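Biologist: I am new to this structure. Please show it, and then I will ask about it.

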Amino acid sequence: MNDLLRYHAEDQFAAELNALQAFDTRPKPPNWMLSPWAVSIYLLGGTLDDGTSITPKYIGDRRIIEIAVATLATDRALLLLGVPGTAKSWVSEHLAAAICGDSTLLVQGTAGISEEAMRYGWNYARLLAEGPSRAALVESPLMRAMQTGKICRIEELTRIPADVQDTLITVLSEKTLPIPELNDEVQAIKGFSVIATANDRDRGINDMSSALVRRFNTVVLPTPATLDDVVSIVQQRVASMGRTLEIPAQTDGLDEIRRVVTVFRELRAGITMDGQTKLKSPSSTLSTAEAISVVLNGLSLAAHFGDGVLTSENMASGIVGAVIKDPSTDRGVWLEYLETVARTREDWSSFYDACRSISE
Ligand SMILES: Nc1ncnc2c1ncn2[C@@H]1O[C@H](COP(=O)(O)OP(=O)(O)O)[C@@H](O)[C@H]1O
Ligand SMILES: [Mg+2]
């Protein structure tokens with residue numbers, strides 16, 4: 001059990017979930033493990049009366065999480081919408097873990113997904129041998145969630161072709177999944193719901209039909225408002241991931257974290273923080289999630305090939321790699337940023353030199 005590279009949220013945070021459950025005296029919706037209040041504490045963090053501390057999973061506006069949890073306590077499904085890297089998948093996993101103790105009923109939306117992956121398929125050997133029967137039917141995660149009263153997560157809903165998406169309409173409005181081959185159906189038991197995620201950027205690839213949109217309550221996960229918010233998210237996530245990956249480096253390189261977040265924000269916004277210099281934006285997303293992985297990468301370099309202290313040299317290659325996704329356009333944008341912005345900042349000289357030497 002100790003050797004998994006990544007644990008499901010409900011396993012990794014089992015101790016927190018148990019403590020919350022022991023403490024939770026508020027009313028729970030049918031088949032929920034925790035009350036909506038306790039679910040929100042699990043996501044936002046806090047300290048229980050007995051001193052147990054619950055780590056924050058989502059760092060941001062508390063109201064967003066409250067609305068998401070309240071939605072799931074009704075019979076409506078939840079759609080988390082936002083640009084890449086705004087913690088949609090992360091929040092979806094933790095909501096499922098806290099509400100039904102199982103975040104694994106997951107359908108990954110892709111352009112090539114079949115209707116079987118959404119509804120059910122057949123075990124063809126059995127189908128041929130025995131004819132259609134419930135035993136020959138291969139349940140989808142959605143069907144299993146309906147039968148067990150759990151939450152089904154659907155990732156990247158708008159990447160799914162429109163006709164397959166529309167399978168969800170009956171499920172969400174009638175709470176039933178017909179099986180015409182068996183003249184049968186699966187009816188959802190209480191506790192069943194769906195959390196879907198979709199990227200703003202993907203909009204237009206497969207727009208959701210208005211019939212489907214109406215079955216969801218949409219909650220937008222925003223990009224963090226201020227630089228300090230991002231720095232604090234990156235810091236907390238890196239500290240926790242660094243522990244899990246057992247990277248033996250100091251995680252207090254606050255100046256370096258602040259710098260990568262500044263670089264990403266300025267490039268994304270197309271203007272420097274002081275509003276003085278206009279910049280071109282690269283094609284890359286430069287999200288919070290990417291800042292987190294650049295810092296982790298830097299820490300690994302510092303730990304294994306440096307003296308354990310995060311330096312600008314450790315950060316440079318990760319930053320350059322994150323910014324330059326499409327070399328034909330992003331390289332020019334990056335070099336211009338280096339020359340017009342990074343070079344002129346006083347305490348950025350070693351960062352500038354490090355980037356310069358690998359951007360040549
Ligand atoms: N506001 C936030 N609070 C906590 N973690 C965040 C936040 N924003 C981004 N992250 C981190 O970013 C990483 C990637 O998020 P992810 O859920 O994969 O993004 P999305 O699905 O929106 O593209 C996660 O590890 C998450 O911890
Ligand atoms: Mg995602």
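Biologist: Which of the 15 residues around ligand 1 come nearest?

Modeller: This is a predicted model, and the answer is read from it. The shell around ligand 1 has eight nonpolar, four polar and three charged residues. Of the 15 residues around the ligand, those that come nearest are Ile59, Gly85, Lys88, Ser89 and Arg237.

Biologist: Which residue has a polar side-chain atom 2.8 Å from an oxygen atom of ligand 1?

Modeller: Gly85 places a backbone N or O atom 2.7 Å from an oxygen atom of ligand 1. Trp90 also uses a backbone N or O atom, at 2.9 Å from an oxygen atom of the ligand. The residue with a polar side-chain atom at 2.8 Å from a ligand oxygen is Ser89.

Biologist: How much of the accessible area of ligand 1 does the protein cover?

Modeller: Ser89 has a polar side-chain atom 2.8 Å from an oxygen atom of ligand 1. On its own, ligand 1 has 560 Å² of accessible area, and the share of this that the protein covers is 85%.

Biologist: Which elements give two or more residues to the shell around ligand 1?

Modeller: The space taken by ligand 1 is the largest pocket. Domain 1 (9–220) and domain 2 (227–359) each supply at least three residues to the shell. The elements that give two or more residues are helix H5 (88–100), helix H12 (227–244) and helix H14 (288–305).

Biologist: With which side chain does the side chain of Asp50 make a polar contact?

Modeller: Asp50 lies in the loop between strand S1 (46–47) and strand S2 (53–54). The side chain of Asp50 makes a polar contact, at 2.8 Å, with the side chain of Thr52.

Technical notes
Residues numbered from 1 in each chain as written. Chains lettered and ligands numbered in written order. Predicted model: local features only at pLDDT ≥ 70, side-chain atom pairs only at ≥ 80, totals over all residues. Heavy atoms only, no water. Near = heavy atom within 4 Å. Polar contact = N/O pair within 3.5 Å; in protein donor to acceptor, adjacent residues only side chain to side chain. Areas by Shrake-Rupley, 256 points an atom, 1.4 Å probe, with all protein chains shown as cover. 1 Å grid on protein atoms, 1.4 Å probe; cavity = no way out; pocket = protein on both sides within 12 Å on 5 of 7 lines; lining within 4 Å. Sits in = over half its atoms within 2 Å of the grid points. Helix = DSSP H or I, 4+ residues; strand = E, 2+ residues; numbered from the N terminus. Nonpolar A, V, L, I, M, F, W, Y, C, P; charged D, E, K, R; others polar. Domains from an automatic or database assignment.
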